[in-house]
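Please look over the model shown here. My notes on it follow as numbered points.

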Amino acid sequence: MEPALLCGIMLAGNVIETDVVGHGRVTRHPERASVMGFGRKVQYRSPIRPGQHFRTAGFILKPAFFDRFSDDLADDGLTSLREFLTGEFRMDTLAPSARLLEIARLCLEHPYNGQLGQLFLESNALAFVVEVADVLKRERCMIAQLGRRQYARVLEARDILDSDLVNTPTSLQLARRVGVNVTTLQANFKKVFGTTIFGHVRDQRLMMARVLLRDHGLAVAQAAHRVGFARPSAFSAAYRRHFGHPPRAEMASNGARRRQV
């Protein structure tokens with residue numbers, strides 16, 4: 001990869017481990033936007049096993065993209081984007097964003113064709129860039145409010161939770177692992193992500209369950225068990241509250257897509 005900024009969201013598929021030569025391994029999670037920046041030419045590898053399938057949408061920005069702006073960028077979001085191109089390699093996983101997911105899906109599922117379709121993709125890609133810049137801008141504001149160390153602890157706590165959504169630690173255990181008292185962690189977590197620690201775990205479990213239902217064809221009870229719900233009825237109720245429809249609707253839409261193919 002030549003110097004560039006890459007941003008993508010995996011809309012369907014499993015966790016991907018990417019080896020960046022000379023910089024170690026990074027992890028990309030389903031339905032989470034990741035931003036990678038290469039300030040110089042590098043090599044990276046994402047091993048894919050036979051039979052694996054992914055749906056991903058995103059964009060690539062070359063350094064020339066920022067030439068339209070002055071050297072002294074006034075907007076924190078655009079400044080944050082360009083900073084990904086100033087070092088050898090940098091990768092961030094962004095906070096969950098429903099808006100980014102919506103934009104990503106529109107890249108693949110819009111109804112337009114021909115020149116109109118091309119125009120839509122160009123405008124949607126620009127909306128993608130703007131939203132990522134805004135997420136990074138809000139991140140800067142959080143760092144200014146909490147301090148970089150406390151902000152890093154919140155991100156570490158999120159990564160611990162996301163690494164095993166079934167066997168998650170208690171809030172107290174999590175606080176001890178990241179080196180902060182539980183009250184501070186709970187307050188800062190809600191400031192950064194807009195939800196409680198429990199709410200984040202629940203939402204991530206539900207999003208993972210949707211992947212299992214849509215792309216792996218699991219039954220509702222199987223998906224519920226796989227993501228840590230003891231009772232399918234509790235899972236169905238939580239799913240309906242979060243997505244606005246029952247989990248069985250995902251199975252029906254999955255079957256319709258397969259018939260179309």
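1. Tyr 112 counts as partly exposed because its relative accessibility is 36%; buried means under 20% relative accessible area, exposed over 50% and partly exposed in between, with a 1.4 Å probe and protein chains only. The backbone nitrogen of Tyr 112 is reached by the side chain of His 110 at 3.2 Å.

2. This is a predicted model, in which local features need pLDDT of at least 70 and side-chain atom pairs count only at pLDDT 80 or more, while totals for chains, interfaces and linings use all residues. Residues are numbered from 1 along each chain as its sequence is written, and side-chain values use heavy atoms, with hydrogens and water left out.

3. His 110 is placed in the loop between helix 2 (98-109) and helix 3; helices (H or I, at least four residues) and strands (E, at least two) are DSSP runs numbered from the N terminus. At 18% relative accessibility, His 110 counts as buried. Apart from neighbours within four places in sequence, His 110 is in contact (heavy atoms within 4.5 Å) with Gly 117, Phe 120 and Leu 121.

4. Aromatic pairs come to nine, where rings of Phe, Tyr and Trp (its six-membered ring) pair if their centres lie within 6.5 Å, and planes under 30 degrees apart count as stacked, over 60 as edge-to-face and the rest as tilted. For Phe 38 and Phe 89 the ring centres are 5.5 Å apart and the planes at 35°, so this pair is tilted. The pair links distant parts of the chain, with Phe 38 in strand 4 (residues 34-38) and Phe 89 in strand 7, 51 residues apart. Phe 38 is buried at 0% relative accessibility, and Phe 89 is buried at 18%.

5. The rings of Tyr 112 and Phe 120 are also tilted, because their planes lie at 45° with the centres 5.1 Å apart. Elsewhere, Phe 229, Phe 235, Tyr 239 and Phe 243 form one aromatic cluster.

6. Arg 90 lies over the face of Phe 84, 3.9 Å from the ring centre. The criterion for a charge over a ring is NZ of Lys or CZ of Arg within 6 Å of the ring centre and within 35 degrees of the ring normal.

7. Helix 4 (residues 148-163) has 16 residues and reaches 22 Å from its first C-alpha to its last, close to the 22 Å expected at 1.5 Å a residue; the expected span is 1.5 Å times one less than the number of residues. Its buried residues are Tyr 151, Val 154, Leu 155, Ala 157, Arg 158, Ile 160, Leu 161 and Asp 162. Their cover includes strand 7 (89-93), helix 3 (114-146), helix 5 (171-178), helix 6 (182-193) and helix 7 (197-216).

8. In helix 1 (residues 76-83), the buried residues are Gly 77, Leu 78, Thr 79, Ser 80 and Leu 81. The buried residues of helix 1 pack against strand 1 (4-12), strand 7 and helix 3.

9. An open sheet of three strands has the order 3-2-5 with antiparallel pairing; two strands pair if DSSP finds at least two bridges between them. Strand 3 (24-28) and strand 5 (44-45) stand at the edges with a single partner strand each, so one side of each has no neighbour in the sheet. Strand 2 (residues 16-20) is joined to strand 3 by five bridges, and the two run antiparallel. Ile 16 stands opposite Arg 28 in strand 3.

Notes: Polar contact = N/O pair within 3.5 Å; in protein donor to acceptor, adjacent residues only side chain to side chain.
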